[in-house]
Amino acid sequence: MPRSLLRTAAACAVLLLALAGCSSGTEEQPAEAGGTPPSGSFPVTLEHAFGSTTIEEQPQRVVTVGFNDADFALAVGVQPVGVRENLGDYDYEQRPWAQEALSRGPAPQLLSGTDIPVEQVAALQPDLILGVYSFMDQATYDALSQIAPTVAQGTVDGTNPATWDEQTRITGQATGRTAEAEQVIADTQARFDEAIQANPEFAGKTLKLGFYIEGTPYDMGTDDLRAQLFQGLGFDVRPDSQTLSLEEQGLLDADVLTVLGRSRAESEADPVLRAVPAVEQGRIVYLGAFDTEFAAALGYSSPLSLPYAIDDVSPKLAEALAGTPAGS
């Protein structure tokens with residue numbers, strides 16, 4: 001996916017969808033104080049877009065600067081002391097899938113601004129900075145790595161981000177919680193498997209994710225984490241995201257079409273979209289605007305939010321495949 005689209009998607013569908021999250025701010029406790037001993041070994045070296053980072057010992061003060069990294073830290077039992085602030089209308093601090101994890105300690109400091117605020121990060125005195133889904137550039141990485149070991153995204157331009165299981169594994173390795181990460185992966189995959197078993201009709205069917213940012217449609221592929229949910233449910237989803245014109249919305253035809261970023265009323269008022277065969281035949285799911293809980297859960301695409309998203313969307317997809325439009 002082009003870097004410009006990735007950044008726009010992050011701003012309009014990740015930040016607006018409450019990516020990054022708000023976790024609690026307690027430090028990890030040593031085993032003798034009632035915590036759990038590390039399940040990983042140190043030092044550990046992780047590769048990323050800007051080279052490699054070695055973490056010498058289990059971190060005690062973690063700051064997450066990625067758009068969804070806080071959820072992954074929470075999922076493996078780590079309480080960040082600082083998290084990247086979200087923009088948009090969704091109240092990300094109230095996201096339901098994270099409330100249990102968020103209740104484990106006091107709220108972290110929010111890192112404000114559209115860019116990563118390096119000085120605010122430094123003031124928190126972290127011993128690990130996680131930015132696996134951050135889109136940080138070289139200059140920002142260089143500044144952050146002077147503060148603490150920093151784990152950036154896998155590619156310089158942020159294309160083909162880590163899948164949810166890859167990001168979970170990276171987070172577990174960086175925080176010394178590899179066993180916890182593997183258990184989280186197994187539990188989350190089990191939720192996918194349950195949905196697949198309950199909906200065998202999903203297997204091999206084509207699905208398009210029509211994604212609307214300020215009126216411009218995109219045909220989203222699995223190079224964007226939001227489309228990966230549908231692939232995980234057994235659908236055939238394109239690998240690469242494409243920008244469309246309004247006149248090209250016919251390219252969104254598939255066994256089932258999902259629409260995110262506009263309301264059902266807006267979609268039904270669009271004569272070009274109405275003429276798409278999938279829409280004419282009722283094989284469409286309206287996922288709503290970017291301020292909904294489902295959109296936020298899809299934006300995080302974390303082990304905490306994915307089960308929530310699976311439970312929400314699976315019955316709607318089944319209805320659409322049967323020719324009944326679903327969603328609002």
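Let's start with a tryptophan, W164, which comes out at 12% relative accessibility and so counts as buried. Before I go on, keep in mind that what you have on screen is a predicted model.

So what does W164 pair with? Its partner is F192: the ring centres are 6.0 Å apart and the planes sit at 15 degrees, so we call this pair stacked. W164 belongs to helix α6, residues 164-175, while F192 belongs to helix α7, residues 178-198, so the pair ties together parts 28 residues apart in sequence. And F192? That one is buried too, because its relative accessibility is 2% and the cut-off for buried is under 20%.

Okay, stepping back for a second. The chain has 328 residues, and 52% of them are buried. You'll find 13 helices and 13 strands in there. If you take the contacts with a separation of 6 or more, 73% of them come from residues 24 or more positions apart.

Back to the rings. Searching the whole structure turns up nine aromatic pairs. One I'd like you to look at is F67 with F135, with 5.7 Å from centre to centre and 50 degrees between the planes, which is a tilted arrangement. Where do these two sit in the chain? F67 is in the loop between β3 (62-64) and α2 (69-75), and F135 is in the loop between β6 (128-130) and α5 (138-145), so this pair links distant parts of the chain, 68 residues apart. Buried or exposed, then, for F67? Buried, with 6% relative accessibility, and F135 is buried as well, at 4%.

While we're on aromatics, go and find Y212. R262 lies over the face of that ring, 4.0 Å from the ring centre.

Last stop is helix α5. Which of its residues are buried? They are T140, Y141 and L144. Around the helix axis they cover an arc of only 100 degrees, so they end up on the same side of α5.

Let me zoom in on L144, which is in helix α5. With 0% relative accessibility, L144 counts as buried. What does L144 touch, if we leave aside neighbours within four places in sequence? The contacts are V65, I116, V118, V121, I129, M136 and T150.

Notes
Residues numbered from 1 in each chain as written. Predicted model: local features only at pLDDT ≥ 70, side-chain atom pairs only at ≥ 80, totals over all residues. Heavy atoms only, no water. Phe/Tyr/Trp six-rings, centres within 6.5 Å; stacked < 30°, edge-to-face > 60°. Helix = DSSP H or I, 4+ residues; strand = E, 2+ residues; numbered from the N terminus. Buried < 20%, exposed > 50% of the residue type's maximum accessible area, 1.4 Å probe, protein only. Lys NZ or Arg CZ within 6 Å of the ring centre and 35° of its normal. Arc of directions from axis to C-beta. Contact = heavy atoms within 4.5 Å.
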